[in-house]
Amino acid sequence: MLETLAQLVDYYEKNVGYIFEQFIRHFLMSAYGVLFAALVAIPLGIFIARYRKLSPWVFSLANVIQTIPALAMLAVLMLVMGLGANTVVFSLFLYSILPILRNTYTGITNVDHSMLESGRGMGMTRNQLLRMVELPLALSVILGGIRTAMVIAIGITTIGTFIGAGGLGDIIIRGTNAANGAAIIMAGAIPTAMMAIIADILLGGLEKVLSTSKKKPDVSQKAA
């Protein structure tokens, strides 16, 4: 064990630049996939919260995507999009839709109806209610979906190395192919785990802050 730790430290000292480069690449692929999913899933979640009869169909489709194994998804997308980071990002986009969509739908539909009625009584339009009442109250729930999606994305990005996307998975695979690769595997696995933990803690803390400091929006005045 001590020998493995010594090898790990030695590997970090000799390859710190390479590891940092792969760490940033890994994070960016994960973040872009979640960001693009949020840009689609949040408006879609709001839409199906308005037209709830559509929600079973939309959730069924999102659930089907979620049940496809990540490696199989990457293999299929690779045939269409080729090798590289773009294929991984699109795969992460697909996997991130469900948690963000579900939380957006839940957050919007659970807004206190008395607040909506007060806003309507003040003459607010539907868009004003959404912007000033529903989204502020649902924000912490939506962020919870983004948090879940981000942690999932960091894990899935690791296997993106099989289609030439790079990232920390490259280091792990190098370790599996080395004669004494335990230290190299740890050199890739530890930063991956730390990235997921840090992302979870930071987004969880922000979610908690938004949840505990959440105030009922002031609907005493109609928005201009």
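1. A pocket is taken here as an open set of points on a 1 Å grid over the protein atoms alone, where a 1.4 Å probe fits, with protein on both sides within 12 Å along at least five of seven lines; lining residues have an atom within 4 Å of a point. The model is predicted, so local features need pLDDT of at least 70 and side-chain atom pairs count only at pLDDT 80 or more, whereas totals for chains, interfaces and linings use all residues. Residues are numbered from 1 along each chain as its sequence is written, and side-chain values use heavy atoms, with hydrogens and water left out.

2. The second largest pocket is lined by Phe 23, Phe 27, Ala 31, Val 34, Ile 146, Met 150, Met 195, Ile 198, Ala 199 and Leu 203. Its volume, the space filled by probe spheres set on grid points joined across faces, edges and corners, is about 150 Å³. At least two lining residues come from each of helix 1, helix 6 and helix 8 (182-212); helices are DSSP runs (H or I, at least four residues) numbered from the N terminus. The lining has 10 nonpolar residues, with no polar and no charged ones; Ala, Val, Leu, Ile, Met, Phe, Trp, Tyr, Cys and Pro count as nonpolar, Asp, Glu, Lys and Arg as charged, and the others, Gly among them, as polar.

3. The largest pocket holds about 270 Å³ of space. Of its 13 lining residues, Ala 49, Arg 50, Leu 116, Arg 120 and Glu 134 are the closest to its centre. Helix 5 gives the largest share of this lining, 4 residues. By class, the lining comprises 5 nonpolar, 2 polar and 6 charged residues.

4. Glu 134 belongs to helix 6 (residues 126-157). Its relative accessibility is 5%, so Glu 134 counts as buried (under 20% relative accessible area, with exposed over 50% and partly exposed in between; 1.4 Å probe, protein chains only). Leaving aside residues up to four places away in sequence, Glu 134 touches Arg 50, Ile 108, Val 111, Leu 116 and Leu 129 (contact: heavy atoms within 4.5 Å).

5. In helix 3 (residues 70-81), the buried residues are Ala 70, Met 73, Leu 74 and Leu 77. Seen down the helix axis, they fall within an arc of 95°, so they line one face; the arc is that of the directions from the axis to the C-beta atoms. They pack against helix 2 (55-67), helix 4 and helix 6. The face turned away from the buried side carries the exposed Val 76 and Leu 79.

6. Ser 91 is placed in helix 4 and, at 0% relative accessibility, counts as buried. Beyond residues up to four places away in sequence, Ser 91 touches Met 73, Leu 74 and Leu 77.
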